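Please read the following walk through a single chain with the sequence and the coordinates side by side. The account begins with an open space in the protein and then widens to the fold around it.

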Amino acid sequence: MSRTATAPSPAVPHSAPEDALALFTGVLLISIGVAFFTGAGLLTGGTAGLAFLAHYATGVGFGALFFVLNLPFYWLAWRKMGRSFTFKTFAAVLLLSVLTTLQPHFLQFAQLQPLYAAIAGGLITGTGFLVLFRHRCSLGGVGILALYLQDRYGWRAGKVQMGIDCCIVLLALLTVEPLRVAYSIVGAVALNLVLALNHRPGRYTAV
């Protein structure tokens with residue numbers, strides 16, 4: 001019996017309401033992951049990791065620092081990833097800054113074991129990033145670079161981001177005790193495993 005090859009169905013672009021709901025969902029999940037990290041005194045990678053380091057060193061709010069540190073990366077997003085990607089990324093960064101500032105009024109932890117916080121926070125944050133990536137959006141910084149390298153060279157975004165994130169977390173050894181850095185690396189690995197396993201070239205194409 002012969003089989004007739006079936007042409008793949010054309011990709012259907014996400015609608016504006018779908019993108020808006022995905023942006024809110026992804027950022028909300030990431031803000032919960034951030035609450036796990038901050039509640040346990042942990043760090044993460046990327047621009048968020050740099051914002052954590054600055055937050056712990058200066059006491060300035062994470063949300064404000066995260067927003068400011070992302071500003072230089074919008075040039076890369078505009079030049080290489082397009083106007084729509086840049087606008088969505090800017091909106092996601094702004095929303096995360098607002099949510100992380102307001103979140104202590106809605107979510108507090110009386111007790112949080114660091115290893116659990118690293119794993120749970122990493123997986124929740126990774127799922128939030130996955131939602132954003134699949135709607136052609138990121139949270140700036142390393143996320144923009146990772147998506148560009150995946151689109152341009154086929155490098156898996158999760159693996160690129162994992163390498164950079166671990167390097168940034170290791171920088172914390174200059175100011176943070178080694179055990180907390182070790183837990184933070186566990187969180188970075190958990191986060192990026194979600195991306196490495198679920199967001200790779202050929203498995204899913206966002207339109």
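**The pocket and its surroundings**

In this predicted model, the largest pocket has a volume of about 300 Å³. Its lining is made up of 16 residues, and those that lie nearest the centre of the pocket are V34, A35, T38, T100 and P104. Rolling a probe the size of a water molecule over the atoms is what shows where empty space is left.

Which helices supply the lining of this pocket? At least two residues each come from α1 (16-39), α2 (46-58), α3 (62-70) and α5 (83-102), and among the contributors it is α1 that gives the most, with four residues. Sorted by class, the lining of the largest pocket holds nine polar and seven nonpolar residues, while charged residues are absent from it.

Of the contacts in the chain with a separation of 6 or more, 73% are made between residues 24 or more positions apart. Buried residues account for 45% of the 207 residues in the chain, and the accessible surface of the chain comes to about 10,800 Å², with 67% of that area belonging to carbon and sulfur atoms.

The UniProt record, in an unreviewed entry, lists under "transmembrane region" residues 21-43, 49-73, 85-103, 115-133, 153-175 and 181-198. For residues 85-103, the end C-alpha atoms lie 26 Å apart, and the span is 95% helix and 0% strand. For residues 49-73, the end C-alpha atoms lie 15 Å apart, and the span is 76% helix and, again, 0% strand.

A last stop is R134, which is found in the loop between α6 (114-133) and α7 (142-153). Is R134 buried or partly exposed? With a relative accessible area of 21%, R134 counts as partly exposed, because the term buried is kept for values under 20%. Along the chain R134 and A22 are 112 residues apart, yet their C-alpha atoms are separated by 8.9 Å.

Terms used
Residues are numbered from 1 along each chain as its sequence is written. This is a predicted model: local features need pLDDT of at least 70, side-chain atom pairs count only at pLDDT 80 or more; totals for chains, interfaces and linings use all residues. Side-chain values use heavy atoms; hydrogens and water are left out. Buried means under 20% relative accessible area, exposed over 50%, partly exposed in between (1.4 Å probe, protein chains only). Contact means heavy atoms within 4.5 Å. Accessible areas come from the Shrake-Rupley method with a 1.4 Å probe; for residues, only the protein chains shown count as cover. UniProt positions are given in the numbering used here, feature names are shortened, and annotations may be inferred rather than shown by experiment. On a 1 Å grid over the protein atoms alone, a cavity is a set of points where a 1.4 Å probe fits but cannot get out, and a pocket is an open set with protein on both sides within 12 Å along at least five of seven lines; lining residues have an atom within 4 Å of a point. Grid points are joined across faces, edges and corners, and a volume is the space filled by probe spheres set on the points. Ala, Val, Leu, Ile, Met, Phe, Trp, Tyr, Cys and Pro count as nonpolar, Asp, Glu, Lys and Arg as charged, and the others, Gly among them, as polar.
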